[in-house]
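Please read these notes with the model open beside you.

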Amino acid sequence: MTDSHGKHAKSDVEAEGALARLALRFTAFTEKWLPDAFGFVLVGTFVVLLFGLVTGEPLLKRPDDPAATKGFGMIDAWGIGFWSLITFTLQMAMIIIGGYAVATSGPVARLITRLARIPKSPRTAVAFVAAVAMLASYLNWAFSLIFAAILAREVARNVPKADYRALGAMAFLGLGTVWAQGLSGSAALQVASASSSPAPVQEVIKAGGHASGLIPLSDTIFTWQAIVATLIVYAVGVGMAWFIAPGEGNARTAEQIGIELKPLIGRGSAYNGQRGEARRPGDWLEHSPLFSLLIVLLGAVYLVRYFSGKNFFNALDLNTVNLILFLLAMLLHWRPWRMARAVRDGAPAAAGVLLQFPLYGGIFGMIAYTGISARLAGWLVQASNQFLFPPLVAIYSCILGIFVPSGGSKWVIEAPYVLQAANELKVDAGWMVVVYDLGEASANLLQPFWMLPTLAILGLKARDIMGYTFTMFLACFPAALIAVTLLAPHVTG
């Protein structure tokens, strides 16, 4: 018996492919050594601080000191940046809660339930979640964080032998691959809108040959080269998900991790339980859909007026996305008490954002309000030529994205340097937006900033999934680099 069992265990290990074994080793390492997401940002703060000091930035500097590169020392820059993302923090908290409310409404929950029945084996389950997550993130990155996480839970319930950690990593995959090339890509939307793109950026764009100072989406994410690059990364992502999925013998299921998976709908559902009918006149308001519908009507009229005469994608911003999610959730939940319950249940998923985003704001400040940003860009230009510039920008964007994981705000800081260098090297500015975004997205596979909402819904920690996301990075990022390098000569400015 013992010998038979030993041979069986050995055959399980041998049955795993090389990529699956690699992912399992990385996961074992991260589970043992990687801190939680909060520890990651604590360490990251002092890594950036030390980098600034080593490269010549002062620790303390008076704002009126003419010797200061940008007027601030590292500590002052950290303090100024600490609350610089406060509006963004609230927007993100609301988008998480709103996305959760939409995803747990009856109609969307039924859609997720149907989708979750499609995969039948552990391997197809992991690849399927990856494919859906990337597609959802292409449509809207914020909704995909919640939608894909809930889908992963339901898939794990239907395919109980699938590795829950791998499913969790694949639920996040869209944010590490194709989201910025999609309909909610922040950099592409910024350079296409006069109200969103700062004047210095528009001046650089004009110097590069775009007389309006803007770069339309038809010259960035909707070029055939950008679509081909996105499809390449998408295909590599799905293929890698298939190969890294561990077999039953090496998988850690939700049950083994200690996570209870309740169904989305039906008996035992965590989201669609019943509430008693109104028993007093005051309860009528909570049970009647009347005021929910009136709020939806009010918001719909505003949105029609807001988008009237505007390019839809250029006018779409986080505030508008949040309003659309809120109205959609109100409509789908129908009765106010259901909406209130969904928001209450979704609020814990935003806890990590509220705690960690101010610290990431401090990191952002140390890079944006000192000479670090310009110094990094200067190194980039010196090391580049026309052929190497696109892949070097992707690498640069990825490295910086690890420490400043905010694609839109980071792009505003870096755009003048990157686009000016592109002008000097005769590289198309629209293509550089595509390249920059691909690198920015890849950074998300290496740090847990954007993983927080997904992790909260899955009940996992960053160290549980980052072995898998790192393995995906080793394939998806090189694929992006090869694509932007080979396709660059076919882009005409």
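1. Start with D163 and R165. Their side chains meet in a salt bridge, at 2.7 Å from N to O. The term means a side-chain nitrogen of Lys or Arg within 4 Å of a carboxyl oxygen of Asp or Glu. D163 is buried, at 1% relative accessibility. R165 is buried too, at 5%. Here buried means under 20% relative accessible area, exposed means over 50%, and partly exposed is in between (1.4 Å probe, protein chains only). The structure holds five salt bridges.

2. A word on the source. This is a predicted model, in which local features need pLDDT of at least 70 and side-chain atom pairs count only at pLDDT 80 or more, while totals for chains, interfaces and linings use all residues. Residues are numbered from 1 along each chain as its sequence is written, and side-chain values use heavy atoms, with hydrogens and water left out.

3. Another salt bridge joins the side chains of E203 and K206, at 3.9 Å from N to O. Both residues lie in helix α11 (residues 199-207), three residues apart, or about one turn of the helix. Helices here are DSSP runs (H or I, at least four residues), numbered from the N terminus. E203 is partly exposed at 48% relative accessibility. K206 is partly exposed as well, with a relative accessible area of 38%.

4. R344 and D345 also pair through their side chains, in a salt bridge of 3.5 Å, N to O. R344 is exposed, with a relative accessible area of 55%. D345 counts as partly exposed, at 31%.

5. Now the charged surface. R110, R114, R117 and K120 gather there in a patch of positive charge. Patches are made of residues with over 30% relative accessible area and no salt bridge; like charges are joined within 9 Å, and nonpolar side chains (Val, Leu, Ile, Met, Phe, Trp, Tyr) within 5 Å. Lys and Arg count as positive and Asp and Glu as negative, with His and the chain ends not counted. A charge is placed at NZ of Lys, CZ of Arg, CG of Asp or CD of Glu. R110 lies in helix α6 (residues 106-116). R110 is partly exposed, at 39% relative accessible area.

6. Stay with α6 for V108, which has its place in that helix. V108 counts as buried, at 14% relative accessibility. The C-alpha atoms of V108 and A329 are separated by 9.9 Å, although the two residues are 221 residues apart along the chain.

7. Which residues make the nonpolar surface patch? They are W284, L285, L290, F291, L294, L297 and V301, and the patch covers about 670 Å². Accessible areas come from the Shrake-Rupley method with a 1.4 Å probe; for residues, only the protein chains shown count as cover. Helices α14 (284-287) and α15 (290-307) each supply at least two residues of the patch. α15 gives the most, with five residues. W284 is found in helix α14. W284 is partly exposed, with a relative accessible area of 46%.

8. The 18 residues of helix α5 (residues 86-103) should span 26 Å at 1.5 Å a residue, and its end C-alpha atoms are 26 Å apart, which agrees. The expected span is 1.5 Å times one less than the number of residues. Helix α21 (residues 389-403) has 15 residues and reaches 22 Å from its first C-alpha to its last, close to the 21 Å expected.

9. Are these helices enclosed or open? In α5, 14 of the 18 residues are buried, so α5 is largely enclosed by the rest of the structure. In α21, 11 of the 15 residues are buried, so α21 is likewise largely enclosed by the rest of the structure. The buried residues of α21 include F389, Y396, C398 and I402.

10. Finally, backbone angles. Most residues other than glycine have a negative phi. W334 has a positive phi near 70° and is not a glycine. W334 is found in the loop between α17 (318-333) and α18 (336-346), and counts as partly exposed at 36% relative accessibility. K426 has a positive phi of about 60°, although it is not a glycine. K426 has its place in the loop between α22 (407-424) and α23 (429-443). K426 is exposed, with a relative accessible area of 68%.
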